[in-house]
Amino acid sequence: MTLNRRNFMELAAATTALTAFGVSSARAQNADTFRMGIAANNPRHSDPNLTTQGSDNWATEQMYEQLVRPDDGRFALTQDEYLPTLATEWTQSDDAKVWTFKLREGVQFHRGYGEMTSEDVVFSYERAIAGGTNKTILSNIESVVANGPYEVTITLKQPDVNLLGTSIFNNNTSIISKKAYEEIGAEAFATDAVGTGPYELVEFNPESGTKMTRHEGYWGDKAKIANVECVYIADTTARTLALLSGEVDCIEAVRAPGWIDSMLQRDPNLKIDMTTPGSFNTLHINLTRAPFDNLLVRQALMHAIDREAVAAALAPMGGTMNGLQPDFFPAGFKKEELPEELQYNYDPEKSRALLAEAGYPDGISFSALCSQREDYSSTMLIVQELIRPAGFNMDLQIIDHTAYHADNRSDKNTLAMHSSSYPPIPTQIYFQQLASASEVKSDGTGGGNYSHYGVAMPGIDDLLAQALVASDYETYLDLCKQIELQVLRDLPLIGLSTLGFTAVRRGEVDLGYEVESGYARWRFHRATKTV
């Protein structure tokens with residue numbers, strides 16, 4: 001992204017977007033208001049059980065809470081790293097199928113809707129299981145039962161040693177007020193949130209953003225900044241200039257080569273917050289399309305991609321993947337831990353030899369679709385150049401981001417890049433991107449297994465099924481590592497790189513904690529701001 005050729009009219013565009021939401025330069029200097037510039041056109045929902053647009057979760061993160069959660073700014077790498085939140089303690093049965101949670105007493109809902117009890121917890125879970133955006137994972141819950149006003153028992157159909165991460169710390173199972181939901185009604189509640197978090201909703205403007213104010217009845221330490229506003233500014237230049245001019249305090253960054261350096265050149269006082277690993281950038285190889293149905297061709301492609309160079313080009317946001325997990329995540333491998341033949345060192349000459357052995361001595365030419373969004377296009381343009389010397393001539397067709405996902409879901413791609421953030425629970429990516437049950441369908445009704453792995457060829461379904469019902473964590477991890485090795489042998493899916501989700505804030509804002517890992521959103525209740 002080139003910033004030095006932008007002009008006054010673009011700054012005016014940023015100001016116009018903010019003015020529509022009632023933001024002025026004078027107000028931007030208010031120490032009692034924190035403004036976040038969101039990379040989207042407009043908000044869609046404030047109900048955490050309905051959000052499909054990741055940008056909306058900046059607001060839900062402030063307004064809602066779950067029974068447990070990790071500390072701010074990080075994922076919980078193990079189950080014992082989850083902190084008591086709306087539950088104060090919990091136990092699990094030996095077979096990991098029955099979990100009992102004692103609830104925190106005295107927790108108050110927003111806007112005078114009273115104390116949270118087990119009735120609200122049961123209602124929140126049953127609603128998410130019946131009709132939320134994460135029904136697949138939550139479908140393992142057999143029942144949620146109240147044992148008096150301050151205790152609930154969750155019984156599972158199959159064991160889940162990772163329940164705290166898969167289902168409890170989950171946007172869909174944020175606890176809402178049953179009374180508020182019934183009074184407001186399902187349709188209106190989609191944009192009229194009532195939770196227990198450190199901030200409560202003041203205004204949901206479908207054109208421009210969300211305003212929140214401090215929840216004075218909050219059970220924990222009250223938010224230090226009184227007001228938070230999520231201001232939607234989709235245009236990259238307008239959002240960037242809004243930050244540089246002080247119209248907003250923080251923005252979602254542009255994840256493209258050189259962008260951070262260019263920002264720090266403009267204002268060296270800016271602070272960069274970045275999750276590690278962030279998004280998992282994976283490359284699906286469509287096994288139903290020749291010549292990629294040939295393992296030798298897939299091996300040649302793997303040797304043609306310098307994954308360390310991909311990560312370096314996206315520095316400081318980029319990270320390497322030796323399999324499908326970062327090496328510091330459970331089930332992740334360091335490169336030297338892998339068998340030599342599964343390390344796939346960058347070697348264009350070996351790639352050409354493998355192509356020749358497969359019957360393609362002159363290389364191959366093919367087309368692939370790519371999203372125009374910066375993180376997608378940057379990564380795939382790098383891959384396009386890396387694989388060319390090895391004999392892969394990829395005609396990259398860059399299209400609108402929404403259209404790209406629709407085409408992937410309709411099985412129209414040959415090499416489909418996917419970008420998604422995952423917690424340190426390895427079976428989530430396996431289930432969503434490799435299981436035969438998630439196979440893509442040409443009519444758009446399938447899932448995110450764009451390679452047809454497990455259908456076009458034997459996959460990892462048996463190992464995954466065993467992992468999902470493992471009743472002890474070591475068995476679970478061993479099975480996940482077996483899956484990693486099998487995927488490296490079969491190569492239906494390539495781990496290209498990780499890409500840290502990044503936000504940039506002005507120097508006068510202190511979050512109150514360090515952002516290390518986690519989803520593409522974080523809380524502002526500890527933040528302070530000087531003017």
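**Helix packing and nonpolar cores**

Helices α11 and α13 cross in a left-handed manner in this structure, which is a predicted model. Their axes, that of α11 being taken from the helix spanning residues 295-304, come within 8 Å and cross at roughly 170°; since angles over 145 degrees count as roughly antiparallel, the two helices are therefore roughly antiparallel to each other. On the α11 side the contact is made by L296, V297, Q299, A300, H303 and A304, which meet P348, K350, S351, L354, L355 and E357 of α13. By residue class, the contact of α11 with α13 divides into seven nonpolar, three polar and two charged residues.

A304, one of the α11 residues that meet α13, is also in contact with I387. I387 lies in helix α14, which covers residues 374-387, and is buried, its relative accessible area being 0%, where the cut-off for burial is under 20%. When neighbours within four places in sequence are left aside, the contacts of I387 comprise L301, A304, I305, F366, F392 and M394. I387 and F501 are 114 residues apart along the chain, and their C-alpha atoms are separated by 26 Å.

In soluble globular proteins, nonpolar side chains tend to be buried together. The largest nonpolar core of the model contains 92 residues, and those with the most contacts inside it are L67, F101, Y125, I168, Y430 and W522. The helix that gives the most to this core is α18 (residues 473-490), with six residues.

F329 occupies the loop between β14 (318-319) and α13 (348-357) and is buried, with a relative accessible area of 4%. Not counting residues up to four places away in sequence, F329 touches F75, L77, P277, F280, Y422, P423 and P424. For F329 and P426, a separation of 97 residues in sequence corresponds to 8.1 Å in space, C-alpha to C-alpha.

How values were computed
Residues are numbered from 1 along each chain as its sequence is written. This is a predicted model: local features need pLDDT of at least 70, side-chain atom pairs count only at pLDDT 80 or more; totals for chains, interfaces and linings use all residues. Side-chain values use heavy atoms; hydrogens and water are left out. A nonpolar core is a set of buried Ala, Val, Leu, Ile, Met, Phe, Trp, Tyr and Cys residues joined through side-chain atoms within 4.5 Å. Buried means under 20% relative accessible area, exposed over 50%, partly exposed in between (1.4 Å probe, protein chains only). Helices (H or I, at least four residues) and strands (E, at least two) are DSSP runs, numbered from the N terminus. Contact means heavy atoms within 4.5 Å. Axes are lines fitted to C-alpha atoms, for helices over the stretch in contact, and angles run from 0 to 180 degrees between N-to-C directions. Angles under 35 degrees count as roughly parallel, over 145 as roughly antiparallel, 65 to 115 as roughly perpendicular and the rest as oblique. A crossing is left-handed if the near helix is turned anticlockwise from the far one by less than a right angle, and right-handed if clockwise. Ala, Val, Leu, Ile, Met, Phe, Trp, Tyr, Cys and Pro count as nonpolar, Asp, Glu, Lys and Arg as charged, and the others, Gly among them, as polar.
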